[in-house]
Amino acid sequence: MTAPTVPTVPTFSKAPSPRAHLSGAGAGAGAGTETARPGSPDLLRSVFRQHAAGVAVITAQDGGRPVGFTATSLNSVSAEPPLLSFTIGTGASTWPAVRDSEYLGVHILGEHQRELAGLFARSGADRFGSSTGWAAGPHGVPVLDGVLAWLVCRVVARVPAGEHRVIIAEAVVGDPAGEGRPLLYHQGRFNALRD
């Protein structure tokens, strides 16, 4: 009787490390690493200009007056419980309201709302002037008119991240039934989707 055949396991050569390639050693590393640059704020901004992000407006009450800002850092965090996150700089004019509010509004903008996105992104602008349609919503949170979807959320955490805070909030009530297509932020501009 012959001994059973033991399958041979193929051997693989270890791929060169991208770090080794960056320092000039090794060849054939991943595409694009030939021009890789050290980490920096400029590098991060340059990379994220290539990332298309949805556009949202975050709103809050600040001593009885509405405040808000444009955010492209909105993320779904968890379905159970229903959590989302976004970031805000601690030097932003709306930071004190976001820091102190229990409830915030989150609005997904449509491609027909480029001007609104620009208005809420501009420093010193009258964001809730006569050209902005809105009403006080649940928990007194300002809710914008004509958006694709909105949520009122309860803040559950404010996590330090450099000169920013990551805000984690739980969806309390909202409406996903707006009409239109989403507005995107790409290459430093607000853009419409293309077919």
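Student: What counts as a pocket here, and which residues line one?

Tutor: The model is predicted. A pocket is an open set of grid points with protein on both sides within 12 Å along at least five of seven lines. Its lining residues are those with an atom within 4 Å of a point.

Student: Which residues lie nearest the centre of the largest pocket?

Tutor: The lining of the largest pocket counts 38 residues, and the pocket has a volume of about 1,300 Å³. Nearest its centre lie Thr 72, Ser 73, Thr 87, His 164 and Tyr 185.

Student: Which helices and strands each supply at least two residues of that lining?

Tutor: The protein has four helices and twelve strands. Those that each supply at least two residues of the lining of the largest pocket are α2 (41-48), β1 (53-54), β3 (65-71), β5 (83-89), α4 (114-121) and β11 (183-186).

Student: How many residues of each class are in the lining of the largest pocket?

Tutor: Gly counts as polar and Tyr as nonpolar in this grouping. By class, the lining of the largest pocket has three charged, 15 polar and 20 nonpolar residues.

Student: What is the volume of the second largest pocket?

Tutor: The lining of this second largest pocket includes Arg 65, Asp 126 and Arg 127. By class, that lining has three charged, four polar and four nonpolar residues. The volume of the second largest pocket is about 170 Å³.

Student: What is the phi of Gln 187 in the turn?

Tutor: β11 and β12 form a hairpin with two residues between them. Gln 187 is in that turn, and its phi is positive, at about 55°.

Student: What share of the residues counts as buried?

Tutor: Buried means under 20% relative accessible area. The protein exposes about 12,100 Å², of which carbon and sulfur atoms supply 56%. Of its 195 residues, the share that counts as buried is 32%.

Key:
Residues numbered from 1 in each chain as written. Predicted model: local features only at pLDDT ≥ 70, side-chain atom pairs only at ≥ 80, totals over all residues. Heavy atoms only, no water. 1 Å grid on protein atoms, 1.4 Å probe; cavity = no way out; pocket = protein on both sides within 12 Å on 5 of 7 lines; lining within 4 Å. Points joined across faces, edges and corners; volume = space filled by probe spheres on them. Buried < 20%, exposed > 50% of the residue type's maximum accessible area, 1.4 Å probe, protein only. Areas by Shrake-Rupley, 256 points an atom, 1.4 Å probe, with all protein chains shown as cover. Pairing = 2+ DSSP bridges.
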